[in-house]
Amino acid sequence: MHKFFENVFSGIGIADAIDILIVAFVIYQLLKFLRKTRAEQLLKGVIFLVAATAVTGLLNLHTINWILKGAVSLGAIAIIVVFQPELRRALEYLGRSKIVKAPLGQLDKEKGKKIVAHIVKAIEIFSRDRVGALIVFERETNLTDIMESGTIVDAEISEQILGNIFYEGAPLHDGAVVIRDGRVCAAGCVLPLTHNNTISKELGTRHRAGIGITEHSDSLVLIVSEETGIISMASEGQLSRYLDSKTVEKTLLNMYMNTGEVTENTPIISRIIKRVKGDKNV
């Protein structure tokens with residue numbers, strides 16, 4: 001046994017070790033990306049199909065094995081179609097990685113603090129008065145197509161502007177506001193709804209739209225429930241609820257003034273990482 005392991009490891013060089021580590025890292029990141037998504041269930045089905053093909057081959061069940069082999073062959077093409085949303089997200093995630101993306105411009109500290117103060121004040125008012133709100137913060141992924149679905153505003157951020165937009169009865173109050181470079185660029189925008197079937201049925205369209213846009217981009221979304229006034233935040237297809245203004249303020253300050261992005265060290269991330277749980281008080 002000692003000689004066996006000695007022979008095995010003696011043939012492995014530094015290049016081989018690096019090669020193995022890279023492959024292991026890619027597989028780990030892939031599984032991490034697919035975990036708790038719709039693709040996870042599809043992947044389990046594919047694994048079951050491949051395993052069934054191998055078992056029927058060992059048991060000499062020729063007819064079933066022939067059918068399964070045909071299904072596996074066609075499945076290679078079908079997977080590309082079925083996994084299209086996940087593949088798109090993966091490519092967008094790669095494009096947003098620190099290796100290939102250009103650095104995000106940062107706002108002046110005083111200007112950043114002023115913008116965050118206005119947003120936090122508006123969110124507090126919305127929460128207190130039970131005003132529904134959906135605010136999307138553009139980051140690396142360009143949201144021009146989303147802005148074109150609404151009305152171009154191009155105004156400085158203030159609680160008055162946001163209040164007028166989301167005031168019940170206002171023409172644009174049902175859509176989303178998109179903020180780019182510290183300005184309200186568009187309002188009344190239409191967002192894609194999430195197709196995540198694990199999300200609680202109690203979550204309404206506003207929350208599903210907020211989650212949906214973060215599945216297609218790296219944007220950060222603030223949501224205020226019209227029914228309860230609960231403040232929520234969506235990022236990377238995940239939703240965190242029951243937030244207070246201090247948490248919102250810290251997250252936005254980190255995004256605007258620190259690195260331009262939300263990381264695992266951001267106060268909200270430990271809660272956003274958790275998948276949406278059933279909640280009747282939407």
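1. The model is predicted, so local features need pLDDT of at least 70 and side-chain atom pairs count only at pLDDT 80 or more, while totals for chains, interfaces and linings use all residues. Residues are numbered from 1 along each chain as its sequence is written, and side-chain values use heavy atoms, with hydrogens and water left out.

2. The protein chain has 11 helices and 7 strands (DSSP runs numbered from the N terminus: H or I of at least four residues for helices, E of at least two for strands). Among contacts (heavy atoms within 4.5 Å) with a separation of 6 or more, 64% are between residues 24 or more positions apart.

3. The 7 strands form an open sheet in the order β2-β4-β3-β1-β5-β6-β7, with mixed pairing; two strands pair if DSSP finds at least two bridges between them. The edges are held by β2 and β7 (238-240), each with a single partner strand, so one side of each lacks a neighbour in the sheet. From one strand to the next, the twist averages 25°. Axes here are lines fitted to C-alpha atoms, for helices over the stretch in contact, and angles run from 0 to 180 degrees between N-to-C directions.

4. Helix α9 lies across β1, β5, β6 and β7, and runs at about 175° to β5.

5. Strand β4 (residues 183-189) is mostly covered, with 6 of its 7 residues buried. Strand β2 (residues 151-156) runs antiparallel to β4 and is joined to it by 4 bridges; A155 has V184 in β4 as its bridge partner. Strand β3 (residues 176-180) is also antiparallel to β4, again with 4 bridges, and A176 stands opposite C189 in β4. A hairpin is formed by β3 and β4, with 2 residues between them. In that turn, D181 has a positive phi of about 50°.

6. The loop between β4 and α9 (205-216) contains T194. This residue, T194, is buried, at a relative accessible area of 7%. Leaving aside residues up to four places away in sequence, T194 touches I199, R208, I211, G212 and E215.

7. The axes of helix α6 (residues 109-129) and helix α8 (residues 159-166) come within 8 Å and cross at roughly 40°. That angle makes α6 oblique to α8, since angles under 35 degrees count as roughly parallel, over 145 as roughly antiparallel, 65 to 115 as roughly perpendicular and the rest as oblique. The crossing of α6 and α8 is right-handed, meaning that the near helix is turned clockwise from the far one by less than a right angle.

8. On the α6 side of this contact are H118, K121, A122 and F126, which meet E159, L162, G163 and F166 in α8. The residues of the contact of α6 with α8 comprise 4 nonpolar, 2 polar and 2 charged (Ala, Val, Leu, Ile, Met, Phe, Trp, Tyr, Cys and Pro count as nonpolar, Asp, Glu, Lys and Arg as charged, and the others, Gly among them, as polar).

Definitions and conventions:
Buried < 20%, exposed > 50% of the residue type's maximum accessible area, 1.4 Å probe, protein only.
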